[in-house]
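Subject: Structure for you to look through

Dear colleague,

I am passing on the structure we talked about, together with some notes on what I found when I went through it. Please keep it open beside this message while you read.

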Amino acid sequence: VGLRLQKMGIDHVHAHFAGMAARTAFWINKFFSITFSFTAHANDIFSPRQFEIGLDKVCDSARAIVTETNYAARFFRERFPHPADGVHRIYNGLDLSEFGRADFSSTPPLIIAVGRLIPKKGFGNLIRSCALLVECGKSFRCEIIGEGPLENQLREQIDELGLQNNVELPGAKPQTQLRRRLAAANVFVLPSLIDRDGGMDNLPTVIMEAMATGLPVVSTNIGGIPEMVVENETGFLVDPGDAAAMADAIGKIIDDRPVAQKLGRAGYERARTLFSIE
């Protein structure tokens with residue numbers, strides 16, 4: 001790869017993810033004196049794989065480090081030997097024109113969640129929140145869109161809690177269908193956790209997509225999520241794993257359409273200001 005880059009006259013490479021991609025760029029730099037930078041995302045910094053070359057050495061050799069949130073930028077500045085002005089926070093961008101707008105007309109209200117069915121997404125807590133909402137007499141439907149290793153476990157939880165008429169796991173959806181489901185919803189929920197290996201969400205694109213649709217968002221106060229969701233302005237933030245607080249936050253939105261619309265409008269404006277690809 002290094003020889004090909006030299007022949008092409010390329011003297012700098014940028015790698016995405018601070019794992020194997022950044023290590024590849026590190027060795028190209030060592031053998032061919034081609035400088036490199038990299039973008040760090042989430043698990044590649046919060047629960048990294050073990051490599052012969054530590055992330056400290058990669059950071060020390062990189063010309064620049066890009067990451068997606070202020071939270072992650074602070075993480076780098078505090079832990080790794082790199083000039084502070086060489087760490088850059090650049091939010092991801094969305095083409096907002098590709099998204100429809102929520103009209104909050106679903107009856108009963110639709111709660112939507114999207115993500116891989118893995119521990120750090122915390123979908124088991126959302127299902128517990130749904131059980132609490134049913135106990136309070138709330139009428140709603142909840143769709144958790146995605147696939148992953150916890151699917152059977154989550155289906156069993158839905159059955160054990162008697163939520164078959166309220167909570168659905170429809171599997172993964174293509175982007176066009178996903179956007180339609182977002183526009184049909186009343187609230188977007190992402191109950192993110194920090195998993196046993198330290199893995200967590202950094203700047204979940206699905207929250208951006210929900211905000212671009214004009215949906216209020218209920219999520220947790222970890223990683224860069226509070227840089228997206230502003231408490232009581234674009235949605236609500238709760239502690240990870242607090243199913244009761246999450247149920248209360250969801251209930252406030254599905255019970256009050258004007259509140260949902262107000263939060264959703266503020267979320268759209270925040271997405272337009274911070275996350276538009278323009």
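D255 and K138 form a salt bridge (a side-chain nitrogen of Lys or Arg within 4 Å of a carboxyl oxygen of Asp or Glu), and their closest N and O atoms are 2.3 Å apart. This pair links distant parts of the chain, since D255 lies in the loop between α10 (243-254) and α11 (257-274) while K138 lies in the loop between α6 and β6, 117 residues apart. D255 is exposed, at a relative accessible area of 51%, whereas K138 counts as partly exposed at 25%; here buried means under 20% relative accessible area, exposed over 50%, and partly exposed in between, with a 1.4 Å probe and protein chains only.

Before going further, please note that this is a predicted model, in which local features need pLDDT of at least 70 and side-chain atom pairs count only at pLDDT 80 or more, while totals for chains, interfaces and linings use all residues. Residues are numbered from 1 along each chain as its sequence is written, and side-chain values use heavy atoms, with hydrogens and water left out.

The whole structure holds 9 salt bridges. One of them joins R179 and E98 at 2.8 Å, N to O, and it connects helix α8 (residues 175-184) with the loop between β4 (87-89) and β5 (110-114), 81 residues apart. Helices (H or I, at least four residues) and strands (E, at least two) are DSSP runs, numbered from the N terminus. Another salt bridge is formed by D201 and K121, again with the closest N and O atoms 2.8 Å apart. D201 counts as buried at 4% relative accessibility, and K121 is buried too, with a relative accessible area of 11%.

Next comes the sheet. Which strands form it, and in what order? It is an open sheet of 6 strands in the order β7-β6-β5-β8-β9-β10, with parallel pairing, where two strands pair if DSSP finds at least two bridges between them. The edge strands, each pairing on one side only, are β7 and β10 (235-238). Strand β6 (residues 141-145) pairs with β7 over 3 bridges in the parallel sense, and I145 has G171 in β7 as its bridge partner.

F46 is buried at 10% relative accessible area, whereas Y71 is partly exposed at 28%. Both residues belong to one aromatic cluster that F38, F46, Y71, F75, F76 and F80 form. A charge can also sit over a ring (NZ of Lys or CZ of Arg within 6 Å of the ring centre and within 35 degrees of the ring normal), as the charged end of K252 does over F236, at 5.2 Å from the ring centre.

Methods
Rings of Phe, Tyr and Trp (its six-membered ring) pair if their centres lie within 6.5 Å; planes under 30 degrees apart count as stacked, over 60 as edge-to-face and the rest as tilted.
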